[in-house]
Each structure stands twice: as structure tokens, then as C-alpha cells.
Amino acid sequence: MSRSVTILGAGCTGPLLGAMLAARGERVTIYERRADPRRSTPETGRSINLALAARGLHALERAGLRAAIEPALVPMRGRLLHAPDGSRTFLPYGQRPDELIYSVPRALLNDVLLDGAEARGVALRFGERCTGVDLDGGRLLFTGADGGAREVTFSDERPLFGADGAGSILRKSLVGRGLATAQEDFLDHAYRELTILPDADGRHRLEREALHIWPRGGYMLIALPNADGTFTVTLFLPRTGTGASFESLRTPADVVTFFAREFPDALALMPSLAKEFFAHPPGLMATLHVSCWHDGGRALLVGDAAHAIVPFHGQGMNCAFEDCVLLDDLLYGATPWPVVFADYDRRRRIDTEAIARMAIENYGEMRDRVRDQNFQLQKELALELERRHPSRFIPRYSMVTFHAGIPYSEAERRGALQQDILAAALHGRQSLADVDYASIARRVESGLSPLADATAPS
Ligand SMILES: Cc1cc2nc3c(=O)[nH]c(=O)nc-3n(C[C@H](O)[C@H](O)[C@H](O)COP(=O)(O)OP(=O)(O)OC[C@H]3O[C@@H](n4cnc5c(N)ncnc54)[C@H](O)[C@@H]3O)c2cc1C
């Protein structure tokens with residue numbers, strides 16, 4: 001029998017979840033405060049493109065939406081590091097031909113998700129801002145774009161999914177009602193987005209199939225390619241302080257001087273830098289910890305509303321999409337909502353906490369450790385060990401990014417064991433030629449059990 005479901009938010013998570021629920025026969029309505037982005041100018045000030053990886057692709061495949069987004073994807077084969085002297089080093093992400101991550105425009109992905117949800121029978125209500133959640137009465141209060149007030153009810157029979165992002169009103173209500181506690185750990189770094197335009201022939205002005213990084217220790221600049229020849233560039237910098245910080249870049253001249261010193265090759269490609277830099281305030285980044293994601297079987301938080309993370313592993317949306325896959329699995333056989341929600345909360349948390357920690361760690365890696373010779377040697381050795389022990393040793397980045405079947409928590413656990421092996425193997429050594437592979441093999445065989453989701457590198 002078909003059940004009715006309300007979803008709040010039509011960002012990344014809401015439409016994908018809606019499409020999956022509708023495919024299971026549920027009657028789904030999504031309420032979104034923005035106008036329909038397919039018929040209006042997209043919102044500015046959000047990250048313009050996103051890195052899509054195996055977990056996200058797996059979820060899109062499950063919903064039957066992968067083929068629709070594929071033409072817009074630009075593959076990224078690895079990190080291309082830009083040193084201050086202009087020299088470049090390429091560090092591949094993986095070693096199998098399909099070990100790529102993909103840059104995708106957020107707006108286009110959103111359109112594909114909305115079309116997919118609608119095609120599966122999901123009702124989309126745009127211009128509806130939720131202004132209140134009455135958990136006791138099971139009422140959602142909306143103010144429409146026309147200024148009119150509306151009310152929607154929810155209950156155990158007709159549950160509410162909060163896919164309303166990091167500032168979730170449903171989460172605030174759960175906290176306000178004493179059903180959950182929430183802690184937002186803000187980074188003392190922020191970000192600003194900029195653009196590198198194509199050349200006169202419409203071509204990319206940097207290597208197209210790479211994620212470009214200008215690592216500078218305490219901060220960094222990155223650039224992700226778009227299919228239209230542009231790059232979306234993001235500057236990550238401390239928010240305050242007298243050294244390099246957003247606070248200290250007050251005037252166009254400050255910005256240009258800073259870029260000329262730190263990122264001269266990027267500056268040469270950004271003639272409108274000074275103007276673009278001040279178009280938006282710096283974006284804040286936080287990790288969100290929420291003690292309970294549901295109110296019995298009546299309401300459940302998903303995606304960023306439940307577990308927003310910092311963007312440095314490129315996994316926030318991938319993780320949110322994986323939420324939808326787990327929910328879809330748990331809904332098999334029309335299981336009652338209270339059972340599904342409690343099971344979901346119990347099983348998912350260990351993985352979202354693991355990716356939250358790994359995302360923070362990855363900031364230090366991207367802005368600083370990538371420059372280190374020993375770090376680069378460890379990456380090389382990790383790939384070599386994957387070739388030698390393909391079912392047991394998979395680099396942590398690869399487990400997170402290319403293996404949707406390995407839970408984040410397992411990637412984190414095995415990653416720590418592998419890191420010990422790598423550090424010990426390279427202690428006092430300058431090259432892989434000096435490495436004692438026999439002793440490593442003993443540690444790998446005894447410490448790392450074979451993985452089901454492992455295929456040998458070709
Ligand atoms: C700089 C940056 C870079 C990132 N890069 C990546 C990346 O490369 N790869 C990756 O996987 N992830 C990335 N992320 C994370 C990713 O953006 C989020 O994880 C993802 O958007 C979460 O989707 P969501 O649907 O849960 O929330 P959102 O995408 O925020 O969607 C929430 C929706 O709810 C609506 N809404 C909110 N409140 C209300 C209300 N009261 N009433 C009605 N509607 C409401 C909003 O308008 C919005 O449409 C990045 C994030 C940032 C900040």
C-alpha cells in the first residue's frame with residue numbers, strides 16, 4: 001500500500017531520496033524555499049561545482065539517474081600541485097583506469113535530480129519556506145512566495161524527512177523540543193569562490209582532467225574544471241589574523257598583492273580577481289554533530305541537516321547520497337517507519353562520524369603535507385602495496401573515494417593500520433628501492449583481512 005511522505009528541501013539530498021521513495025511506491029511531496037532552479041537563475045554564493053565519486057555515482061545508479069548526469073561530468077585523474085616557483089607535480093588519485101573523481105556543476109546536478117524525481121511522480125512545491133515545525137502537533141508551517149501561509153501535517157503514518165541542509169529548521173525543532181542535542185564545530189578557516197575563464201577558443205587554461213592545488217602550508221587555493229572551459233577556484237584561508245587571512249585582505253590591492261606573492265600563475269589567469277573577490281562574503285565551514293536524528297517514526301534528518309562536514313574530502317554530497325541508499329535498503333518490504341528510522345540512526349552514525357574526521361584531516365593533507373617528499377613516497381608505496389596485496393591493502397583515499405562497498409568507518413580503521421605499516425616501512429629510507437617488502441608482506445597478511453570489495457589493479 002502506498003504511503004505519503006513529506007520531504008523538506010530540494011537541494012542534493014531531497015530529490016534523490018524522493019526519487020528512491022517514489023520508485024518504492026510512496027507518494028512523495030517535496031517543499032523547497034527557492035524558486036524552481038530549472039526556470040530561474042541559480043542561487044549564487046554556493047559551491048559552484050562538486051566532486052562526485054563512487055558513493056555518489058552508486059546512489060545515482062540506484063535511482064536510475066546516473067546516465068542523465070554523465071554528459072556533464074569532467075573526470076579528474078589526480079591532484080596537480082602548483083609550487084610558488086611555478087613548477088608542477090602530478091599525484092594520481094588511484095591506479096585503475098576507473099579510479100577518477102568527477103567535477104559536476106551543482107546547478108546541473110540539481111536539475112537532473114529534480115527532473116528525475118518529478119518523472120517518478122514526486123510532487124515539487126517551490127517557493128515554500130518552512131517557518132516553523134510543531135513537533136507535538138505534527139504541523140509544518142510555510143510561507144509561500146506569494147506571502148500566503150500554509151500548513152502541512154506529518155505523523156507516524158505520513159513522516160517528514162528533513163533534507164533542509166546545514167541550517168535545518170527541523171533539526172532546530174528537535175533540539176528545541178529536547179529530543180536531540182546539536183554541536184557545530186566551526187573551522188577558523190573560511191572560503192571564497194573565484195573563476196578562471198576559458199581562453200579565446202573556449203578551452204581550459206589549465207590541465208583539464210585534474211584537481212589543481214596551490215598548497216601553501218597554512219592555506220591553499222584549489223581549482224576544479226567545468227565542462228564549459230571554466231575552472232571554479234576556491235581560496236581557503238584563516239578567517240582572522242594579521243598574517244594571511246580574509247580579515248587582512250581588505251582592499252583590491254591587498255588581494256592582488258597577496259595572489260602575486262602566493263599564486264602568481266593563478267593570478268595571471270584571473271584578470272577580474274579583485275572585483276570577483278569581494279562579490280560574496282567568505283563562506284563558513286563546520287562539522288555538525290547531532291545526538292539523535294529522528295522523532296520516533298514521524299521525522300528524520302538526512303544529509304547535511306544531520307551531519308554536515310567540511311568540504312576537504314569532497315564527500316559531503318556523496319555521503320548524503322549514501323544516506324539515501326541505506327534508507328532505500330532499510331525500506332525493503334514496507335518496514336514500519338519507526339523501525340526504519342531507529343535502525344538508520346543506529347547504523348549510519350559510525351560512518352558519518354568517520355568521514356567527518358577524515359574530511360578535517362584531509363585539509364592538512366591538501367594544504368600542507370602533499371608538498372612533503374616523505375608524504376609523496378608514502379603515497380607511491382601505498383599504490384605499490386595495493387598492486388602486491390590487492391585484496392588486503394587499498395590506500396585510504398581510494399577506499400573512501402572509489403569503493404562504495406567499503407564503509408567510511410572501515411576505511412578509517414584500516415587506514416590507520418596501513419599508515420603504521422607505511423611509516424615503519426619508510427622510516428629512515430629515501431626511496432622505494434630500499435624497502436623491505438618481505439617484512440611488509442608479513443604485517444599486511446597478519447594485520448589486514450581480505451576485503452570483499454577489492455579488485456586487482458590492471
Ligand atoms: C565549499 C563547499 C564545497 C563542497 N564540495 C563538495 C564536493 O566536492 N563533493 C561533495 O560530495 N560535497 C561537497 N560539499 C558538500 C555538499 O555541498 C553538501 O554535502 C550537500 O549540498 C548536502 O546536500 P543537502 O541536500 O543535504 O543540503 P543542501 O544542498 O544545502 O540543500 C538543502 C535545501 O533545503 C532548502 N531549505 C533549507 N531550509 C529550508 C526551509 N526552511 N524551507 C524550505 N526549504 C529549505 C534549501 O534551499 C536547499 O535547497 C561542499 C560544500 C561546500 C560548502
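Of the 32 residues around the ligand in this predicted model, those that come nearest are Gly9, Gly11, Gly165, Gly303 and Gly316; a residue is near a molecule or strand if its C-beta atom, placed from the backbone, lies within 6 Å of it. Two or more residues of the shell are given by each of helix H1 (13-23), strand E3 (49-52), strand E9 (128-134), helix H9 (304-307) and helix H10 (316-330). Helices (H or I, at least four residues) and strands (E, at least two) are DSSP runs, numbered from the N terminus. H10 provides the largest share of the shell, four residues. By class, the shell comprises 14 nonpolar, 12 polar and six charged residues, where Ala, Val, Leu, Ile, Met, Phe, Trp, Tyr, Cys and Pro count as nonpolar, Asp, Glu, Lys and Arg as charged, and the others, Gly among them, as polar.

Residues are numbered from 1 along each chain as its sequence is written. Because the model is predicted, local features need pLDDT of at least 70 and side-chain atom pairs count only at pLDDT 80 or more, whereas totals for chains, interfaces and linings use all residues.

An open sheet of six strands runs in the order E8-E2-E1-E12-E19-E18, with mixed pairing; two strands pair if DSSP finds at least two bridges between them. Strand E8 (123-125) and strand E18 (294-295) are at the edges and have a single partner strand each, so one side of each lacks a neighbour in the sheet. E8 and strand E2 (residues 27-31) run parallel and are joined by three bridges. Tyr31 stands opposite Arg125 in E8.

The protein chain is divided into domain 1 (4-73 + 105-183 + 290-360), domain 2 (185-284) and domain 3 (372-447), with bounds from an automatic or database domain assignment. The C-alpha centres of domain 2 and domain 3 are 33 Å apart.

Pro281 lies in the loop between helix H8 (273-277) and strand E17 (283-290). Pro281 counts as exposed because it has 10 C-beta neighbours inside 10 Å; the cut-offs are 20 or more other C-beta atoms within 10 Å for buried, 12 or fewer for exposed, and partly exposed in between, with C-beta atoms placed from the backbone. Pro281 and Arg192, 89 residues apart in sequence, are separated by 7.4 Å from C-alpha to C-alpha.

Gln376 belongs to helix H12 (residues 373-388). With 15 other C-beta atoms within 10 Å, Gln376 is partly exposed. Gln376 and Phe90 are 286 residues apart in sequence and 10 Å apart in space, C-alpha to C-alpha.
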